[in-house]
Amino acid sequence: MRKPLIIFPFGGNGREAAAIIVGDYQLRTEWELLGFIDDNPSVHDKEAFGLRVIGGRDILKKFP
């Protein structure tokens, strides 16, 4: 069973982490990428690597 993962923030380091996971078979089988979070509302609903920015830090309350 893959472990769920939300990446913070949507900035360069977060997108780089997502690219590494998406591009590596072993990491893809270990992690289920749920999306990004970012405190900047102007990037909410944007996408990278097929992953959407699902909101700000308040989303973490749903995913402890």
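Reader: What radius of gyration does the protein have, and what would a compact globule with 64 residues have?
Author: The protein, which is a predicted model, has a radius of gyration of 11 Å, and this agrees with the value near 11 Å that a compact globule with 64 residues would have. Along its principal axes, the C-alpha trace spans about 30 × 25 × 15 Å.

Reader: OK, and how many helices and strands does the secondary structure come to?
Author: There are 2 helices and 4 strands in the protein, and when you read along the sequence they follow the pattern β-α-α-β-β-β.

Reader: What share of the residues is buried?
Author: Buried residues account for 28% of the 64 residues. Ten residues make up the largest nonpolar core, namely Ile7, Phe10, Ala18, Ile21, Leu33, Phe36, Val43, Ala48, Leu51 and Val53.

Reader: Which elements give two or more residues to this core?
Author: Those elements are helix 1 and strand 2.

Reader: Why does the pair tie together parts that are apart in sequence?
Author: Phe10 lies in the loop between strand 1 and helix 1, while Phe36 lies in strand 2, so the pair ties together parts that are 26 residues apart in sequence.

Reader: And is Phe36 buried or exposed?
Author: Phe36 counts as buried, because its relative accessibility is 0%, and Phe10 is also buried, with a relative accessible area of 7%. The cut-off to keep in mind is that buried means under 20% relative accessible area.

Reader: What sits over the ring of Phe10?
Author: The charged end of Arg15 sits over the ring of Phe10, at 4.8 Å from its centre. Another arrangement of this kind involves Lys3, whose charged end sits over the ring of Trp31, 4.4 Å from the centre of that ring.

Reader: Now the charges: how many salt bridges does the structure hold?
Author: The structure holds 3 salt bridges. In one of them, the side chains of Lys3 and Glu30 meet with a distance of 2.9 Å from N to O. That pair links distant parts of the chain, since Lys3 is in strand 1 and Glu30 is in helix 2, 27 residues apart.

Reader: How accessible are Lys3 and Glu30?
Author: Lys3 counts as partly exposed at 39% relative accessibility, and Glu30 is likewise partly exposed, with a relative accessible area of 30%.

Reader: Which residue does Arg57 form a salt bridge with?
Author: Arg57 forms a salt bridge with Asp39, and the closest N and O atoms are 2.7 Å apart. This pair also links distant parts of the chain, with Arg57 in the segment after strand 4 and Asp39 in the loop between strand 2 and strand 3, 18 residues apart. Arg57 is partly exposed, with a relative accessible area of 48%, and Asp39 counts as partly exposed at 41% relative accessibility.

Reader: What about Asp45, which side chain does it meet in a salt bridge?
Author: The side chain of Asp45 meets that of Arg52 in a salt bridge, at 2.4 Å from N to O. Asp45 is exposed, with a relative accessible area of 52%, whereas Arg52 is partly exposed, with a relative accessible area of 35%.

Reader: One more residue: where is the place of Phe8?
Author: Phe8 is found in the loop between strand 1 and helix 1, and it is partly exposed, with a relative accessible area of 39%.

Reader: And what is Phe8 in contact with?
Author: Leaving aside neighbours within four places in sequence, Phe8 is in contact with Ile37, Asp38, Asp39 and Arg57. Phe8 and Asp39 are 31 residues apart in sequence, and their C-alpha atoms are 9.0 Å apart in space.

Reader: What percentage of contacts in the protein join residues at least 24 apart?
Author: Among contacts between residues at least 6 apart in sequence, 52% join residues at least 24 apart.

Notes:
Residues are numbered from 1 along each chain as its sequence is written. This is a predicted model: local features need pLDDT of at least 70, side-chain atom pairs count only at pLDDT 80 or more; totals for chains, interfaces and linings use all residues. Side-chain values use heavy atoms; hydrogens and water are left out. A salt bridge is a side-chain nitrogen of Lys or Arg within 4 Å of a carboxyl oxygen of Asp or Glu. Buried means under 20% relative accessible area, exposed over 50%, partly exposed in between (1.4 Å probe, protein chains only). A charge sits over a ring if NZ of Lys or CZ of Arg is within 6 Å of the ring centre and within 35 degrees of the ring normal. A nonpolar core is a set of buried Ala, Val, Leu, Ile, Met, Phe, Trp, Tyr and Cys residues joined through side-chain atoms within 4.5 Å. Contact means heavy atoms within 4.5 Å. The radius of gyration is taken over C-alpha atoms; the globule rule is 2.2 Å times the number of residues to the power 0.38.
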